[in-house]
Amino acid sequence: MSQAVYRPIPRPSDYAADAALPRLNLGLRPALLAALLGGLVGVFLLSLALGSVRIPFDQVIIVLLGGEVERASWANIVLKVRLPKATTAALAGAALGVSGLLMQTFFRNPLADPSVLGINAGASLGVALVVLSAGTVGGALLAGFGLAGDLLLVGAAALGAGAAMLLALLVASRVQSRMTLLILGLMISYLVSAVVSLLLYFTIPERIQAYISWTFGTFGGVTWEQMPILAGSVLVGLVIALGTAKSLNALLLGEGYARSLGVNLRALRVAIISATAVLAGAVTAFCGPISFIGIAAPHLCRSLLGTSDHRMLVPGTVFMGGILALAAALIAEVPGHNLILPLNAVTAIIGAPVVIAVILRRRNLQQSFGV
Amino acid sequence: MALLETRELAVGYAAPRRSPRVVAAEINLTLGGGELVCLMGPNGAGKSTLMRTIAGMQKPLSGHVMLAGDDIARLTPRQLATHLSVVLTERPNVGLMNGYALVALGRYPYTDWTGRLSRYDEAVIRWAVDAVGARDLAERPVMELSDGQRQKLMIARALAQESELILLDEPTAFLDLPRRAEMMALLRHLAAETQRAILLATHDLDLALRSADTLWLMSGGRVRAGAPEDLVISGAFEDAFCGEGVTFNRATGAFSVEQERGRAVIVRGDGIPHTWTRRALQRAGFMLEAAEKLNGCVAIPQITLSGDEASPVWHLHYNGIEVTCHSIRDLLASVQGLGDVAGKLAHER
């Protein structure tokens, strides 16, 4: 038996709040967070320089600073094509990464991602209804797939995602069990996929093609006019997520402990679901159902930062998600060629081996999640 | 004034469109600072339900739980957290966190929305970690620690919450025996020296009898409170726990499983080998008789111990036979073998 126990127990008054003491080592490494931010800026600039046309770095910087460049077309390419695309990718990556983190912590499930709430499924149904069943009115609009067609798709996806989000919120505010919510989200996803399958079955091949190309996902569809809507939604979601970071840490102990520490579980649940719904809903509406980033970014982030503290993980996944999305978009463009690969295929083809490599090398991914 | 007081409390589960299932009722208990109370009762008596109700995790069916004079139903979660902390049976896996970070979660009710620790918060965390003797664990990743070490940190986390009342559900459940004793000693010290009230639910009868200032005995929908010894003497313990086939020995304070009255044996000797020989024989179902009962009856096996304490020798006499044994295992085999012989003899007659 240890002798330590029989030593008199110190009193709180023995521990002066002494400013000379070193701060407690909580195992946080802000320097790594800064490095991630640096990486994000680097990939962002890289994605402005690379593409079917290669633009020198210094010229990219000059364009961004509003200066005159050697070729006028470069300014156009950077400002009108690549900058909105890269901004969209960074926002979407950040949003997907953070909503994935929220879902993984909330459900205490390493496989959870934004799609578990059925938001992707809702958006898919909205788009499928417009693309596949638009017989007379929508068909004419979609025939040319002009700007109006794009907007219609965004609107349909947003409506679908919004409906799924409202349903999730409604359930979350009534149902106590997280497991019920998880299973309900899965069931809704299955149900919606089945409806989409039915719609596909009864539709002509041209329309199916249009639907399939939406499911590939893209960061290139957001114009500067639409950007404030996307950026605003993502910002709102990120602010809510950051606000819940302290409570998410308490939630790591389980709901019983979290409540005993003074966490208002009902408010937290509503905050987490709304943040996830806004983040994932906005991204899915504008970019299509982007998979993989939502699941991979939080795991990579935990592993690299070596902490489960959400005050580090939330900003960390913002940066990590942005890096992943930008890198995927960059690779999908196949720099130097006119070929563009489907984004969702790239995220998984490039991303899965990266995650596997990290898991095998660091061996702490599962432990870091703590299951 | 008592720190914790329950007034006509009834606990249980209310279900819509059905009459509520009352687990226990008319609970009137008090708990003061510096007091260590063990809540005991047979499985299913409702210990966890009572603990959850006191912790505010479950609504009482009726009555009130008063904490420092306030009804806990009227406190906000955060206010409640400053008065009451819990250590639950579940062992959460918190992922990548070191000891300090885990204990720092106890400061949740006191920090602002960013969770930033003030100098005072840090001082409390240092104190809590030292109070449970876990300073050497504090900078290690929690996932590398053993159950007992983790449990210490969870208790430190409860201490860091600076609540007057700490509720622990089966805090010793996953610990080996020395670690259990250590944990109980620690909790006693904490209660006495920091004037906190500690309520712990446990099945560990022996430790509870030794450590608790007061025992809350829960069974049959009622809770009886008293000094552990009083409850033993008054027979409340037997009422609470004893069912078919289990008896409580008031003399030793231990439960035993009733067995058919076995063959009588007589053991002579003293010291540690004597004590353990008696235990082994009792376990094997023999009934120990006093030597005076012998009265020349050679039909009762007699065991005499000789040799020194570290290497005793057992001499077994029965019906003129003598067997010498060098271990309790041999002795038991021999004594049981006698039974067969005696049985056979009786049959042949």
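In the predicted model, B:Leu50 touches B:Leu9, B:Val11, B:Ile27, B:Leu39, B:Met218 and B:Val223, leaving aside residues up to four places away in sequence; contact here means heavy atoms within 4.5 Å. The buried positions are B:Lys47, B:Thr49, B:Leu50, B:Met51, B:Thr53 and B:Ile54. Just after H1(B), B:Gly56 adopts a positive phi of about 80 degrees.

Residues are numbered from 1 along each chain as its sequence is written, and chains are lettered from A and ligands numbered from 1 in the order in which they are written. Local features of this predicted model need pLDDT of at least 70 and side-chain atom pairs count only at pLDDT 80 or more, whereas totals for chains, interfaces and linings use all residues; side-chain values use heavy atoms, with hydrogens and water left out.

Also in chain B, the axes of helix H5 (residues 147–160) and helix H6 (residues 177–194) come within 12 Å and cross at roughly 10 degrees. Axes are lines fitted to C-alpha atoms, for helices over the stretch in contact, and angles run from 0 to 180 degrees between N-to-C directions. H5(B) is therefore roughly parallel to H6(B) (angles under 35 degrees count as roughly parallel, over 145 as roughly antiparallel, 65 to 115 as roughly perpendicular and the rest as oblique). H5(B) contributes B:Gly148, B:Gln151, B:Lys152, B:Ile155 and B:Leu159 to the contact, and H6(B) contributes B:Glu182, B:Met183, B:Leu187 and B:Leu190.

In chain A, the axes of helix H1 (residues 30–49) and H3(A) come within 9 Å and cross at roughly 145 degrees. The contact involves A:Phe44, A:Ser47, A:Leu48 and A:Ala49 of H1(A), together with A:Val78, A:Arg82, A:Leu83, A:Ala86, A:Thr87 and A:Ala90 of H3(A).

A:Leu326, in helix H14 (residues 310–332) of chain A, touches A:Leu40, A:Val43, A:Phe44, A:Ser47, A:Ala86, A:Ala89 and A:Ala90, not counting residues up to four places away in sequence. A:Leu326 and A:Phe44 are 282 residues apart in sequence but 6.6 Å apart in space, C-alpha to C-alpha. With 1% relative accessibility, A:Leu326 counts as buried.

A:Ser99 lies in helix H3 of chain A and, at 0% relative accessibility, counts as buried. Its contacts, not counting residues up to four places away in sequence, are A:Pro114, A:Thr276, A:Leu279 and A:Ala280.

The largest nonpolar core has 201 residues, of which B:Trp216 and B:Phe237 touch the most other members; a nonpolar core is a set of buried Ala, Val, Leu, Ile, Met, Phe, Trp, Tyr and Cys residues joined through side-chain atoms within 4.5 Å. Helix H3 (residues 72–107) of chain A supplies the largest share of this core, 17 residues. Another core, of 16 residues, lies apart from it and includes B:Phe286, B:Leu288, B:Ile303 and B:Val335.

Methods
Buried means under 20% relative accessible area, exposed over 50%, partly exposed in between (1.4 Å probe, protein chains only). Helices (H or I, at least four residues) and strands (E, at least two) are DSSP runs, numbered from the N terminus.
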